[in-house]
Amino acid sequence: MNPALTAPPAAGTTLLDDFSLEMTGKDVPKLEEARDSIPRGTRINVTFLAGEDPGTRLAAARAVKRLGFVPVPHISARRLPSRRHLEEFLAGLAADGTADNVFVVGGDPARPEGPYEDALSVIRSGLLQDHGVRHVGISGYPEGHPAIADHSLWSALTDKTAALGADRLAGDVITQFGFDAEAVLRWVAAVRDRGVRLPVRVGVPGPAGARRLVSYATRFGVGTSASIVRKYGFSLTNLVGSAGPDRFLHTLARDYDPARHGELKVHFYTFGGLRATSEWIARFRHGDRP
């Protein structure tokens, strides 16, 4: 066991007491490698990529559970070709004992591949409860979405929250990753002003190469290259080496007001790999400079 996992948290790192991670269905060998640096019971989201079939996703969720973590399989509403496919996927999770927690997102396709227009339609289907789901994660976009208007994003968030409450399902909001902690906290305050009390897991890019970070940010529309280099402290003309989110997390912890922002946790997008991310977190919590 890495001693950094059991040491008292450094000042300003308590937001990481119950962090979560993200992986793809093909990352099981990488999770095996990283297992000793991840606290048992950590929530690990399994993404719903277009190139991975249901069997790969189910196998990944089983592996997460087998290794002592909490699997959170993703369901991409617009990628579901039929109600039957959703039922079969949920039935597979239930049979494996991995259906308690899911994350439901609309998904990337401009047009739905089946009957589900968005995450709300999946939540309202009743199929989640029928297959033993107890906790549903939904998405949030502190810096907006390149293809969805802000007013639609707010309506979707409040409607999904209301639907979860009506169905007596627990839940949380997992945000798209970002680079501006102050913008995230302003958005969280606006979430609370709209009556949404669900815990918020703030999406953070794990340590990764500078070029990769800029590439992902451009792809998902979460800030300009200039804003990223300003926040992360490397040169736009020399995108070499790697960067971690230590500045982001220190700013988040400094300005976080539980009375104003409610319950906050951190969710890591593992662009630089599961092991690199989990070891970085352990060092950061221990107070070492990553």
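Contact here means heavy atoms within 4.5 Å. Axes are lines fitted to C-alpha atoms, for helices over the stretch in contact, and angles run from 0 to 180 degrees between N-to-C directions. Helices (H or I, at least four residues) and strands (E, at least two) are DSSP runs, numbered from the N terminus. By these terms, helix α6 (residues 150-166) lies across β5 (135-140) and β6 (170-175), at about 170° to β5.

The model is predicted: local features need pLDDT of at least 70, side-chain atom pairs count only at pLDDT 80 or more, and totals for chains, interfaces and linings use all residues. Residues are numbered from 1 along each chain as its sequence is written, and side-chain values use heavy atoms, with hydrogens and water left out.

**Barrel**

- A closed barrel of 8 strands runs β1-β2-β3-β4-β5-β6-β7-β10, with parallel pairing; two strands pair if DSSP finds at least two bridges between them.
- From one strand to the next, the twist averages 30°.
- Strand β1 (residues 20-23) runs parallel to strand β2 (residues 43-46), and 4 bridges join them.
- M23 stands opposite V46 in β2.
- Both faces of β1 are covered. S20 and E22 are buried on one side, L21 and M23 on the other. Buried means under 20% relative accessible area, exposed over 50%, and partly exposed in between (1.4 Å probe, protein chains only).

**Helices**

- Helix α3 (residues 83-96) has 14 residues. Its first and last C-alpha atoms are 20 Å apart, close to the 20 Å expected at 1.5 Å a residue. The expected span is 1.5 Å times one less than the number of residues.
- L86, F89, L90, G92 and L93 are buried in α3.
- Seen down the axis of α3, these buried residues fall within an arc of 150°, so they line one face of the helix. The arc is that of the directions from the helix axis to the C-beta atoms.
- An α-helix has 3.6 residues a turn, so residues three or four places apart point the same way.
- The partners of the buried α3 residues are α2 (54-66), β3 (70-76), β4 (101-105), α4 (119-123) and α5 (127-130).

**Aromatic pairs**

- Rings of Phe, Tyr and Trp (its six-membered ring) pair if their centres lie within 6.5 Å; planes under 30 degrees apart count as stacked, over 60 as edge-to-face and the rest as tilted.
- The count comes to 8 aromatic pairs.
- F48 and F89 pair edge-to-face, at 6.2 Å centre to centre with 85° between the planes.
- F48 lies in the loop between β2 and α2 and F89 in helix α3, so the pair ties together parts that are 41 residues apart in sequence.
- F48 counts as buried at 13% relative accessibility. F89 is buried too, with a relative accessible area of 5%.
- F177 and F179 also pair edge-to-face, at 5.9 Å centre to centre and 85° between the planes. F177 and F179 are both buried.
- One aromatic cluster is formed by F177, F179, Y269 and F271.

**Positive phi**

- Most residues other than glycine have a negative phi.
- R168 has a phi near 55°, a positive value in a residue other than glycine. R168 is found in the loop between α6 and β6, and counts as exposed at 80% relative accessibility.
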